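Please open the model in your viewer and keep the sequence panel beside it.

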Amino acid sequence: SSHFGFRLWVQQPRRHFHTLTFKRTSKFLHTEVTASSSCRVMSSAAAVLRAHIARSRNVGLSRAAGAFAFRAPVAVRCVDHVSPNVLLQRRWHSGDRSLNDDKPNLTHFRETLQPHPLRAKPHQQKSADRTSMEPDEKPIVNLMQNHIWSEKEIDERLANLYQHRPRTASDRCMHGIMYTLYKGFNFITGFKPVNTPVKAVEWRLIVLESFAGVPGFMAAMFRHFRSLRTLQRDHGWIHTLLEEAENERMHLLVCMKMFKAGFVTRLLVIGAQVTMTPFLAAIYMVHPMAVHRFVGYLEETACVTYANIIDQVQTPGTPLHEAWSGLPAPALAKAYWKLSDDAMWVDALKCMFADESNHRDVNHTFATMASDDPNPFVEKHQDSAAHAWRLEMEGGSADIGCHKTLGTKAQAQK
């Protein structure tokens, strides 16, 4: 006689797993249902099963009310519980051979190492840790050409916080606008020069770096379109301006490795870009040198901020010293500034300070030059790129963070 059967495990909502076993005999089609919580089976799944049986054994089907119904009698009974570790399995047998209980060892998609396009898997989210880098971060960082600072250069710049004295009416106007914004920014973020709250510093750095990356890119855009429109050279300004914008953006990304931005901080970032970008763009179309002077004053305030933060981190007893003195530098900062493996977070802050002081000098220099003057910083970029390449090839690092950098001020006072 003809016998056949198959077994199917299905999953219903609320994690109800069911096992259906169908056997065909000479008179009846026996259906065994095994459920973890009930003997109810989805009607759609039953219809599919019956369709498979009908096609296999030529059992007659009739279509009524949009559902399949068997002409042969059907018997349904519940059997013992089956472990619900499989979502779907089908086993076919012929003759009198009984059904087996082998279940395939299936792995859920979230548990595999196949990358998710939205980076939603747990192993893809682990790369956000400050001690590691994204898979595609290292090659991109290696393409960036940034000055590799030495400890001597940083100490010299920390000892001399240069500030430009306004001379022309345009200088005084930009100086007044900048320092009005500076005082308002201090009030909003709660920043104070003594015993600064850690949260206030986090707000300040995120908003500062997100806005500081705007003027350089905007100025490079205007000069790029001007070069295309006039069919003339730019004399190297675009490269320096783009390098400045990229450097400020890297400051922001390094900060985001250390702390996260809240809802209010994100509102401040958006508000600063929405209000200041059209303002600076309008001025740049009329008087480009005034914008460079404005950015020079902006970088002066950034230098004062970073110098104050570094001083507090190195001074025992301050909130910043307790929170940040023992933090290592993130992997992104080590790769970008070629820091050693034992570099601390304060060493990355020193590099950011040195970068800001360089932007200060560059923009104050551009503010005194004509638009078609050659860029005096081209050779400096080439030297910085050569130095960074040499360190990369030799496996070396900058001389920052190679030794204990904290406690220096306290030891000097003793």
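Is Lys199 buried, partly exposed or exposed? At 45% relative accessibility, Lys199 counts as partly exposed; buried means under 20% relative accessible area, exposed over 50%, and partly exposed in between (1.4 Å probe, protein chains only).

Before the next selection, two remarks on conventions are required. This is a predicted model, in which local features need pLDDT of at least 70 and side-chain atom pairs count only at pLDDT 80 or more, while totals for chains, interfaces and linings use all residues. Residues are numbered from 1 along each chain as its sequence is written, and side-chain values use heavy atoms, with hydrogens and water left out.

**The whole chain**

Display the protein chain as a cartoon: it has 14 helices and 7 strands. Helices (H or I, at least four residues) and strands (E, at least two) are DSSP runs, numbered from the N terminus. Of the 414 residues, 45% count as buried. The accessible surface of the chain comes to about 22,300 Å², with 57% of it belonging to carbon and sulfur atoms; accessible areas come from the Shrake-Rupley method with a 1.4 Å probe, and for residues only the protein chains shown count as cover.

**Helix α6**

Select residues 198-230, which make up helix α6. This helix of 33 residues reaches 49 Å from its first C-alpha to its last, close to the 48 Å expected at 1.5 Å a residue; the expected span is 1.5 Å times one less than the number of residues. Glu202 counts as buried, at 14% relative accessibility.

Move along to Leu228, also in helix α6. Together with Met221 and Phe225, Leu228 forms a nonpolar patch on the surface, with about 290 Å² of accessible area. Patches are made of residues with over 30% relative accessible area and no salt bridge; like charges are joined within 9 Å, and nonpolar side chains (Val, Leu, Ile, Met, Phe, Trp, Tyr) within 5 Å. After α6 comes Leu231, whose phi is positive, near 60°.

**Pro319**

Next, select Pro319 in helix α10 (residues 319-324). Pro319 and Pro197 are 122 residues apart in sequence, yet 6.4 Å apart in space, C-alpha to C-alpha. Leaving out residues up to four places away in sequence, Pro319 touches Asn195, Thr196 and Val198, where contact means heavy atoms within 4.5 Å.

Which residues are linked to Asp361 in a network of salt bridges? Select Arg157 and Arg360 alongside Asp361 to show this network. Asp361 pairs with Arg157 at 3.5 Å, N to O. That pair links distant parts of the chain, with Asp361 in helix α12 and Arg157 in helix α4 (residues 151-159), 204 residues apart. Asp361 also meets Arg360 at 3.0 Å, N to O. Arg360 is buried at 4% relative accessibility, whereas Asp361 is partly exposed at 27%.

Finally, select Asn358, found in helix α12 (residues 345-366). Asn358 counts as buried, at 12% relative accessibility. Leaving aside neighbours within four places in sequence, Asn358 is in contact with Trp149, Arg157 and Lys380.

Notes: A salt bridge is a side-chain nitrogen of Lys or Arg within 4 Å of a carboxyl oxygen of Asp or Glu.
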